[in-house]
Amino acid sequence: MIKKFIRKVLRFGRKAGPKIIPKSVHGISREQLSSGSLRVCDTLQQAGYEAYVVGGAVRDLILGVRPKDFDVATSAPPETVHKLFRRSRLIGRRFKIAHVMFGGETVEVSTFRSGDAEDKDEHGRVLRDNAYGTREQDAARRDFTTNALYYDASNETIIDFHGGLADLRAKSVRIIGNPLERFREDPVRMLRAVRFASKLGFQIENSTRAPIRSLGKLIENVPPARIFDEMLKLLLSGHAHTTLHRLHTEGLHHGVLPLLDVILEQPLGTRFVNLALKDTDRRALEGKPVSPAFLFAALFWHEVLAAWRAACAKDAHPVPALHQAMDEVLEAQTEKLAIPRRYTAIMKEIWEVQPRFEQRSGRRPFALLTQERFRAGYDFLRLRAQSGEVPMELADWWERFQSVPHAEQTEMLIAPQPGERAPKRRRRRRKSSAETPAEQ
Ligand code: ATP
Ligand code: MG
């Protein structure tokens, strides 16, 4: 009872009711919304429901950043949304939301939620919160004040329940409500606080930041698939490099995300990983496609390499040893971070192809060129060369080999190295220096 009362005071004590901010103050006109989200809001409002653009899109528009996508929150139940839009579908088992499609745009439409937990685990993590609620409740269940701004396209006002606009101006990431409780409810919010701070160049407000170090270990209890989703957002945000290092500063890595232990605590791999992250960030910021599988292959490469070398040192044959190393590393990770199979399959292909770049005689280089994963494999090789793991000459050779005419390619071939197997004879061979991972 008392706890509930205190929470109420904390939540709403700062102001009575929401602030309605006119366009003259926030500066966002309805034309700045995507055509899809505008259509969704107009249609729902005409049908008698409340509907607002919410979350990241409003925040980004105020900051002058182009939003990635536009989400809508409404008082209409999901089934009603589905009925109102021919090209829509309901997704989510536990909590239904509607996806409404317009050409290439998909607008995510969610019904106001109360945020009242029906079920929590022993650490306070919410297992189920299925109840619909009011606009005010929907605002209170969101994570940060800057993510809880509701744009009303009918009169171009913003409804601000938690002082989000002031925090945007102060460049502050502030959790809504009691930080301890909100992070316990959903530990992923700690990762999100760091992600937004890095992406937006904000500070994490002091009382929001204070409990993060001690609560970090709660992330262990979150289902691996959710961690993966959040990590993917983080890694593809265009700010992966700074965000990962900031997670380290906030103490959110150690033993919590094995992935981050690998990335930030392996001296051998650090240069390689930093290069991969910076390259990914550059591509993301230039609006070029980024391959999560390629990035994950890079993040784990030095783990694979270490396991591979260890197996080779025990006299294992290099090819099966590489496979064993890949499986070991992936298995260890999957427990905490469920990388979907569609990505691990590509990661393995990128890794598998690496020793084949060492073979530059006979027909093998031509065969490698026709491999589906050649391009990704080659880009990966170049990163390895840039990090000093393999000679730059090797990457340059392959760059040239891809682009010159056949006759010149033939001239480029290098005589087989001593011990390298001639392609046709199928004798059992010994470990060749060309296929064994080089020591650094
Ligand atoms: P981005 O531009 O990076 O996508 P975003 O703010 O849109 O940022 P999303 O992950 O797309 O982030 O989430 C959309 C909105 O849903 C958020 O703005 C926030 O209001 C709410 N939200 C998402 N995740 C949580 C969470 N774990 N706890 C509370 N609210 C959340
Ligand atoms: Mg979003």
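**Second largest pocket.** I began with the lining of the second largest pocket, which has 21 residues. Lys68, Lys199, Leu236, Ser237 and Ala284 lie nearest the pocket's centre. I note that the model is predicted. The space in the second largest pocket comes to about 610 Å³. I sorted the lining by residue class and got nine nonpolar, eight charged and four polar.

**Largest nonpolar core.** Next I looked up the largest nonpolar core, which has 91 residues. Phe296 and Trp351 touch the most other members. Helix H16 (residues 292–313) gives the most to this core, namely 15 residues. Domain 1 (9–170) and domain 2 (282–412) each supply at least three residues to the core.

**Strand E6 and its partners.** I then turned to strand E6 (residues 105–111). Five of its seven residues are buried, and I wrote the strand down as mostly covered. Which way does strand E3 (residues 71–74) run against E6, parallel or antiparallel? The pairing is parallel, over four bridges. Within E6, Ser110 is the bridge partner of Ala73.

Strand E5 (residues 97–102) also pairs with E6. Here the strands run antiparallel, with five bridges. Met101 has Thr106 in E6 as its bridge partner. E5 and E6 make a hairpin, and two residues sit between them. In that turn, Gly103 has a positive phi of about 50°.

Strand E9 (residues 149–152) was my next stop. Which residues of E9 are buried on each side? Leu149 and Tyr151 are buried on one side, Tyr150 and Asp152 on the other. Both faces of E9 are therefore noted as covered.

E9 runs antiparallel to strand E10 (residues 157–160), joined by four bridges. Tyr151 has Ile158 in E10 as its bridge partner. The two strands form a hairpin with four residues between them.

I followed Glu156 next, which is in the loop between E9 and E10. Its phi is positive, near 55°, and the residue is not a glycine. Is Glu156 buried or exposed? I count Glu156 as buried, because its relative accessibility is 16% and the cut-off is under 20%.

Lys171 also has a positive phi near 55° in a residue other than glycine. Lys171 is in the loop between helix H7 (164–169) and strand E11 (172–173). At 46% relative accessibility, Lys171 counts as partly exposed.

**Met326.** My last entry is Met326, which has its place in helix H17 (residues 318–334). Why does Met326 count as buried? Its relative accessibility is 0%, so the residue counts as buried. I also looked up the separation between Met326 and Thr344, which are 18 residues apart along the chain. Their C-alpha atoms are separated by 9.7 Å.

Conventions:
Residues numbered from 1 in each chain as written. Chains lettered and ligands numbered in written order. Predicted model: local features only at pLDDT ≥ 70, side-chain atom pairs only at ≥ 80, totals over all residues. Heavy atoms only, no water. Buried < 20%, exposed > 50% of the residue type's maximum accessible area, 1.4 Å probe, protein only. Pairing = 2+ DSSP bridges. 1 Å grid on protein atoms, 1.4 Å probe; cavity = no way out; pocket = protein on both sides within 12 Å on 5 of 7 lines; lining within 4 Å. Points joined across faces, edges and corners; volume = space filled by probe spheres on them. Nonpolar A, V, L, I, M, F, W, Y, C, P; charged D, E, K, R; others polar. Core = buried A, V, L, I, M, F, W, Y, C linked by side-chain atoms within 4.5 Å. Domains from an automatic or database assignment.
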